[in-house]
Amino acid sequence: MKFLNKLQQFMYGRYGFDDLGKFLFKIYFILLIINIFVKSYVLTIIEFIIVVIVLYRFISRDIYKRSNENVKFRKIKKKILKPFLNIKRNFKDKDHVYKKCHHCKTTLKLPLPNKRGIKKVKCTNCKKRNKFLILKKVKVELIRDKKAKR
């Protein structure tokens with residue numbers, strides 16, 4: 001119990017883990033696994049540098065600077081992952097198709113059509129027509145009641 005109290009007192013006013021720290025830690029473990037098979041001194045040095053950076057950020061008392069670093073990291077992460085957002089939405093949502101307007105780059109949520117093929121849609125933002133190729137198709141199941149056959 002004394003150890004936990006001392007640890008709490010030590011961590012009071014310190015920054016702790018954030019998204020950038022978690023990302024660096026994941027990179028460290030990936031490099032660690034690669035280094036098990038490759039056994040490179042360069043990878044070992046990179047791993048050591050990453051661990052030092054993670055520990056420095058974790059123990060740092062300069063919360064304002066670490067927070068700004070995390071905000072910059074999240075902006076860069078958002079820019080990198082933004083093109084894949086509609087792909088992720090299309091896998092999750094089974095009733096709609098998400099496409100981007102060619103003119104104003106707005107994301108459009110389209111109802112899933114009964115047929116595959118080219119669908120013409122008018123953008124709600126810029127009022128221009130867009131053509132989209134839709135490859136998904138609604139799965140329609142017919143369920144017949146046994147009593148209805150008789």
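Colleague: Are R57 and D18 buried or exposed?

Modeller: Quick caveat: this is a predicted model, so local features need pLDDT of at least 70, side-chain atom pairs count only at pLDDT 80 or more, and totals for chains, interfaces and linings use all residues. Numbering runs from 1 along each chain as its sequence is written, and side-chain values use heavy atoms, leaving out hydrogens and water. By relative accessible area (1.4 Å probe, protein chains only), under 20% is buried, over 50% exposed and in between partly exposed. For both R57 and D18, the label is buried.

Colleague: How far apart are the closest N and O atoms in the salt bridge between R57 and D18?

Modeller: A salt bridge here needs a side-chain nitrogen of Lys or Arg within 4 Å of a carboxyl oxygen of Asp or Glu. R57 and D18 form such a bridge, with the closest N and O atoms separated by 2.4 Å. This pair links distant parts of the chain, 39 residues apart: R57 in helix 3, D18 in the loop between helix 1 and helix 2. Helices are DSSP runs (H or I, at least four residues), numbered from the N terminus, and the distance you wanted is 2.4 Å.

Colleague: Which side chain makes a polar contact with that of R57 at 2.3 Å?

Modeller: A polar contact is a pair of N or O atoms within 3.5 Å; within protein, one must be able to donate a hydrogen and the other to accept it, and residues adjacent in sequence count only if both atoms are side-chain atoms. R57 has a relative accessible area of 4%, and its contacts (heavy atoms within 4.5 Å) beyond four places in sequence include Y15, L24 and R66. The side chain at 2.3 Å belongs to E69.

Colleague: Which residues do salt bridges with shared partners join into one network?

Modeller: The structure holds five salt bridges. One of them pairs D62 with K65, at 3.9 Å between the closest N and O atoms; D62 is partly exposed because its relative accessibility is 32%, and K65 is too, at 48%. The network with shared partners is made of D18, R57, R66 and E69.

Colleague: What geometry class does the F23 and F73 ring pair get?

Modeller: Rings of Phe, Tyr and Trp (its six-membered ring) pair if their centres lie within 6.5 Å; planes under 30 degrees apart are stacked, over 60 edge-to-face, and the rest tilted. The whole structure has six aromatic pairs. For F23 and F73, the centres are 5.2 Å apart and the planes sit at 40 degrees, so the pair is tilted.

Colleague: Which helix gives the largest share of the nonpolar patch?

Modeller: Patches take residues with over 30% relative accessible area and no salt bridge, joining like charges within 9 Å and nonpolar side chains (Val, Leu, Ile, Met, Phe, Trp, Tyr) within 5 Å. Areas come from the Shrake-Rupley method with a 1.4 Å probe; for residues, only the protein chains shown count as cover. M1, F3, L4, L7, F10, L55 and I59 make a nonpolar patch of about 760 Å². Four of its residues, the largest share, come from helix 1.

Colleague: Where is K39, the residue with a positive phi?

Modeller: Most residues other than glycine have a negative phi. K39 has a positive one, near 55 degrees, and counts as exposed because its relative accessibility is 69%. Its place is in the loop between helix 2 (19–38) and helix 3 (41–59).

Terms used. Helix = DSSP H or I, 4+ residues; strand = E, 2+ residues; numbered from the N terminus.
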